[in-house]
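Good morning, and thank you for joining this group meeting. I would ask you to keep the sequence and the structure in view while I speak.

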Amino acid sequence: MIERWLEEIGVTSNRAKAKAYGAISLSSLLLLWILATSVLEWIEPRVLPSPAQVLRQFFWILTEPFSGLRLPGHVWVSLERWGWGVFFAMIIGIPIGVFFAWAPWFKTFANPVFELLHFIPPFAYIPLAVLWFGASTATQAMVVFVAAFPSFVINSQLGVSQVEKIHVDAARVFGAGQFATLRRVVIPAAAPSIYTGLRIAISNGWMALVGAELVVGKVGLGFMISQGQENASVATIFVGVITIGCLGVTIDTIIQRSESRILPWRKNVMVNQG
Amino acid sequence: MTGQTPANTAPPKLELRKITKWFGSEGAGVCAVDDCSLEVQKGEFVCVVGPSGCGKSTLMTIGAGLEAPTEGGVFVDSRPAGPPGPTRSVVFQKFALFPSETVEQNIKFGLQMTGVSAREQESRLSEQLRIMGLEGFRKAYPNELSGGMQQRVAIARALVMRPEILLMDEPFGALDAQTRTILQEEVQRLHREKHYTVLFITHSVEEAVYLGDRVVVMTKRPGQIKKVIHLPRDVVWKTGDIERAAEHPEFIEFRREIWGLVREEIVGA
């Protein structure tokens, strides 16, 4: 039914349709929210605030400091912690993953340690991080690091181990040493998988960050939410939660879009698939 | 042996001496190649045919230095050949182009690895692009090309090295019939003009008769050399296209003989 209606108003390409469906589903949710709160008043404001209240609170925090900072300030602090954590996880995790697959002896040696660490939840590191770094950016960044690190290692390793032997053989035939083979053949071939690892790392890191901020810190989006709870301001919590969600989606979209730019040879593959 | 070519006393360009290859442990694993000796003289085009799984590709991999034989050795100009390198270029069955690199980068790869100057790289690249008819595809990625075009790139990548020996492992096996025919003719022409030294693995008897100066027939696994057939070199039917050649009585006679030998191996399996 919606499909027909979309075609009638001129939305025909699959891509435009996907966008239209997205818009429809989000606005339905918004509509339901407005109905349930402002119009029909099914739900009390102290349980679920109306969109208007949340919007008012949003502009309030945007202009007036809340717990020391305006909203952009909280966002920036969170992004900074998250960015450092993901960055270090990336520059340490990718080489380790590549090395795992490229030098099997190293994997046999290091894997037990990795497996053990892998099963410790990121939040279990919070007390340690607090003792080590106190109230600095590094505290939450460390939790982000722990959450993001395994997916870099696992996906880089997977990518490298799936590189076709014939390509490595070809590189050898044409005179490439180990390093040149890695740089020109193996890592580019593993790049799509590494990219998947990046996307997983980014979302895992983002979730761990908010969790860590709920527990420790005096600024940041997670802290803002916990302050909303302290002040019994459900609207503040909603502003925080929605901001977190939107930022997450935005970052993921940017990363996804950048793939065809950074890996230009994948463009055709991706067009063919979608 | 029909003795149509004079006995060559010069040391062979490429020699595989008493090659035996076991996969897995010796005696318990699989014996792919059993005591095979094979020589390719300078400027000679040698084709290896045999039933599938007879170890002919293994022979090529060993010849290229990509795999070590369990027993025996590989020699270039009577010296141990050592690890793979630019004197022996390979054209692989599945092209094995680097998917993340453009046609240009793929062809230049070996030149860059062996420290050829940038100017020399550029001039050799454009020469190969012209010879293989790839001029319009410099900046294309392999996945934007048809199978035939990809294999042209792979051949260009091998030839640009000016190799002393060219190893081709069923290079046309993955192509459609029309494309295969055209590339067979081009390889024939290139060989006639430039006198490359080629070891060519194929399962197609026609291809072997059309391209080869000598055809080596292998037995089923474990692969041994069953028979070596010398083919005439400077005959008119080899200079034309393959369809025409296939109608020539001499071609038909050789094909029948070689096919008979291969068939014995397949049927006797």
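This is a predicted model: local features need pLDDT of at least 70, side-chain atom pairs count only at pLDDT 80 or more; totals for chains, interfaces and linings use all residues.

Let me begin with chain A. Its secondary structure amounts to 12 helices and 0 strands. The C-alpha trace of chain A spans about 75 × 60 × 30 Å along its principal axes. Chain A has 274 residues, and 34% of them count as buried. As for contacts in chain A between residues at least 6 apart in sequence, 67% join residues at least 24 apart.

I turn now to helix H11 of chain A, which covers residues 234-262. This helix has 29 residues, and the distance from its first C-alpha to its last is 42 Å, close to the 42 Å expected at 1.5 Å a residue. Which residues of H11(A) are buried? They are Ala235(A), Thr236(A), Ile237(A), Phe238(A), Val239(A), Gly240(A) and Ile244(A). The cover over these buried residues includes helix H3 (51-63), H9 and helix H10 (221-230) of chain A.

Next, the core. The largest nonpolar core contains 130 residues. Those with the most contacts inside this core are Val143(A) and Val144(A), together with Val215(B) and Ile258(B). Let us take Val144(A) as an example. Setting aside neighbours within four places in sequence, Val144(A) is in contact with Arg81(A), Trp82(A), Gly85(A) and Val86(A), and also with Gly205(A), Ala208(A) and Leu209(A).

Chain B is divided into two parts: domain 1 comprises 34-87 + 179-269, and domain 2 comprises 97-162. The centres of these two domains of chain B, taken over C-alpha atoms, are 25 Å apart.

Finally, how do the two chains meet? In this model, 17 residues of chain A are in contact with 20 residues of chain B. On the side of chain A that touches chain B, at least two residues each are supplied by helix H8 (165-173), helix H9 (178-215) and helix H12 (267-273) of chain A. The largest share of that side, 6 residues, belongs to H8(A). By residue type, the side of chain A that touches chain B consists of 11 nonpolar, 3 polar and 3 charged residues.

Thank you for your attention.

Terms used:
Residues are numbered from 1 along each chain as its sequence is written. Chains are lettered from A and ligands numbered from 1 in the order in which they are written. Two residues are in contact if their C-beta atoms, placed from the backbone, lie within 7 Å. Helices (H or I, at least four residues) and strands (E, at least two) are DSSP runs, numbered from the N terminus. Ala, Val, Leu, Ile, Met, Phe, Trp, Tyr, Cys and Pro count as nonpolar, Asp, Glu, Lys and Arg as charged, and the others, Gly among them, as polar. Domain bounds come from an automatic or database domain assignment. A residue is buried if 20 or more other C-beta atoms lie within 10 Å of its own, exposed if 12 or fewer, and partly exposed in between; C-beta atoms are placed from the backbone. The expected span of a helix is 1.5 Å times one less than its number of residues. A nonpolar core is a set of buried Ala, Val, Leu, Ile, Met, Phe, Trp, Tyr and Cys residues joined through C-beta atoms within 7 Å.
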